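Biologist: I have a new model open and some time to look around. Can you walk me through it?

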Amino acid sequence: MLKAGVLGAGHLGKIHLRLLNQSEKYQLVGFYDADEVNAKKIEAEFGYKYFNSIDALIDAVDMVDIVTPTLSHYECAKKAIAKGKHIFIEKPITNTVEEAEHIRELLAQHNIRGQVGHVERFNPAYLAVKDQIVNPMFIECHRLAEFNPRGTDVPVVLDLMIHDIDIILSVVKSKVKHVSASGVSVISDTPDIANARIEFENGCVANLTASRISLKNMRKSRFFQKDAYISVDFLEKKCEVVKMKDAPKIPGDFDMILQNAEGVKKQIYFDNPEVENNNAILDELESFADAINNNRPPIVTLHDGTEALRVATMIIDQF
């Protein structure tokens with residue numbers, strides 16, 4: 001079991017503490033939080049050991065789980081890497097692309113592992129269909145959330161949209177050619193609602209909308225490709241796959257047949273895979289343990305996290 005320590009015991013940090021504590025792949029050593037009053041309250045309530053300094057915690061573990069506010073990711077990661085510790089770092093990887101690239105360089109120099117917490121890669125609905133997403137040419141994403149003061153220290157692009165940016169970059173095997181976007185600040189000092197259009201060199205276009213001032217929650221993505229339409233509901237953990245194939249010579253009574261202007265007939269059919277329930281956060285943490293123990297690249301690398309941040313920054317620069 002890898003000895004794990006958590007930096008940051010806010011809302012998400014407490015979830016990570018609980019899951020690491022119950023994991024069979026980690027031994028939770030303890031945590032550090034800058035708010036000593038909050039930290040001692042958590043220690044008293046749950047029994048997790050509180051370390052009174054970042055350095056003391058890092059020295060005691062094999063893997064550092066960084067769940068602090070984004071602005072402190074860079075400094076926390078540098079300290080952990082300097083001491084030769086593996087790092088799991090919540091999204092967005094850092095506050096700037098330059099910081100992310102420096103962390104990647106340090107990681108390579110010390111020959112240790114790093115993973116970024118893009119948790120939607122482990123969403124069961126996405127896992128059920130990801131192998132069927134092949135060369136999509138149009139993608140549409142809606143990620144809408146009711147207002148919550150937590151997260152408003154960064155633009156909605158870094159808070160919410162970056163999840164979909166990471167998913168899109170993982171399935172589109174082409175370089176970004178052009179980005180256009182608009183955003184509006186309604187409640188916060190940074191944009192609360194944003195729309196972006198990402199164009200890729202292979203012709204694929206992705207249209208993303210993110211809002212944290214919505215009246216309802218929604219996290220849906222739709223992928224359109226040759227002979228298939230794939231829908232993923234990340235919130236409800238449901239997916240839908242609609243495919244087309246050459247129509248049979250003698251269609252059945254209930255077959256759905258389309259005929260184009262050239263007279264070519266296609267049959268529409270549903271191929272919805274079974275969605276296996278899971279705990280995505282636990283799975284991402286344990287997949288990182290597997291990457292460390294088996295000396296293989298993590299599922300979401302620091303390169304992935306850096307590229308998602310790079311595109312997010314390109315979008316923000318349009319505002």
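Biologist: Which residues is Met161 in contact with, leaving aside its neighbours within four places in sequence?
Modeller: Met161 is in contact with Val156, Ala194, Asn195, Ala196, Leu208, Thr209, Ala210 and Ile315, once neighbours within four places in sequence are left aside. Contact here means heavy atoms within 4.5 Å.

Biologist: Before we go on, what are the ground rules?
Modeller: This is a predicted model, so local features need pLDDT of at least 70 and side-chain atom pairs count only at pLDDT 80 or more, while totals for chains, interfaces and linings use all residues. Residues are numbered from 1 along each chain as its sequence is written, and side-chain values use heavy atoms, with hydrogens and water left out.

Biologist: Back to the core. Which members of the largest nonpolar core touch the most other members?
Modeller: Tyr26, Phe31, Ile87, Ile139, Met161, Ile165 and Ile315 do, out of 93 residues in that core. Helix 7 gives the largest share of this core, 10 residues. A nonpolar core is a set of buried Ala, Val, Leu, Ile, Met, Phe, Trp, Tyr and Cys residues joined through side-chain atoms within 4.5 Å. Buried means under 20% relative accessible area, exposed means over 50%, and partly exposed is in between, with a 1.4 Å probe and protein chains only. Helices (H or I, at least four residues) and strands (E, at least two) are DSSP runs, numbered from the N terminus.

Biologist: New topic. How many aromatic pairs does the structure hold?
Modeller: It holds 6 aromatic pairs. Rings of Phe, Tyr and Trp (its six-membered ring) pair if their centres lie within 6.5 Å; planes under 30 degrees apart are stacked, over 60 edge-to-face, and the rest tilted.

Biologist: Why does the pair of Phe138 and Phe224 count as tilted?
Modeller: Their planes are at 40 degrees, so the pair is tilted, and the ring centres are 5.8 Å apart. The pair links distant parts of the chain: Phe138 is in strand 6 (residues 138-144) and Phe224 in strand 10, 86 residues apart.

Biologist: Now pockets. What is the volume of the second largest pocket?
Modeller: About 300 Å³. On a 1 Å grid over the protein atoms alone, a cavity is a set of points where a 1.4 Å probe fits but cannot get out, and a pocket is an open set with protein on both sides within 12 Å along at least five of seven lines. Lining residues have an atom within 4 Å of a point. Grid points are joined across faces, edges and corners, and the volume is the space filled by probe spheres set on the points.

Biologist: Which residues lie nearest its centre?
Modeller: Leu169, Val172, Ser174, His303 and Glu307, out of 15 lining residues. Helix 9 gives the most to the lining, with 6 residues. Helix 7 (156-171) and helix 9 (302-316) each supply at least two.

Biologist: How does the lining divide into nonpolar, polar and charged?
Modeller: There are 5 nonpolar, 3 polar and 7 charged residues. Ala, Val, Leu, Ile, Met, Phe, Trp, Tyr, Cys and Pro count as nonpolar, Asp, Glu, Lys and Arg as charged, and the others, Gly among them, as polar.

Biologist: What about the backbone? Which peptide bond is cis, with omega near -15 degrees?
Modeller: The one from Lys91 to Pro92. Pro92 lies in the loop between strand 4 (86-90) and helix 5 (97-110). Thr70 touches Pro92, Thr94 and Asn95, not counting residues up to four places away in sequence.

Biologist: Is Thr70 buried or exposed?
Modeller: Thr70 is buried, with a relative accessible area of 11%.

Biologist: And what is phi of Asn111?
Modeller: Near 55 degrees, a positive value in a residue other than glycine. Most residues other than glycine have a negative phi, and most peptide bonds are trans. Asn111 lies in the loop between helix 5 and strand 5 (114-117). Asn111 is exposed, at 70% relative accessible area.

Biologist: Where is Asn295?
Modeller: Asn295 sits in the loop between helix 8 (280-293) and helix 9. Asn295 has a positive phi of about 55 degrees although it is not a glycine.
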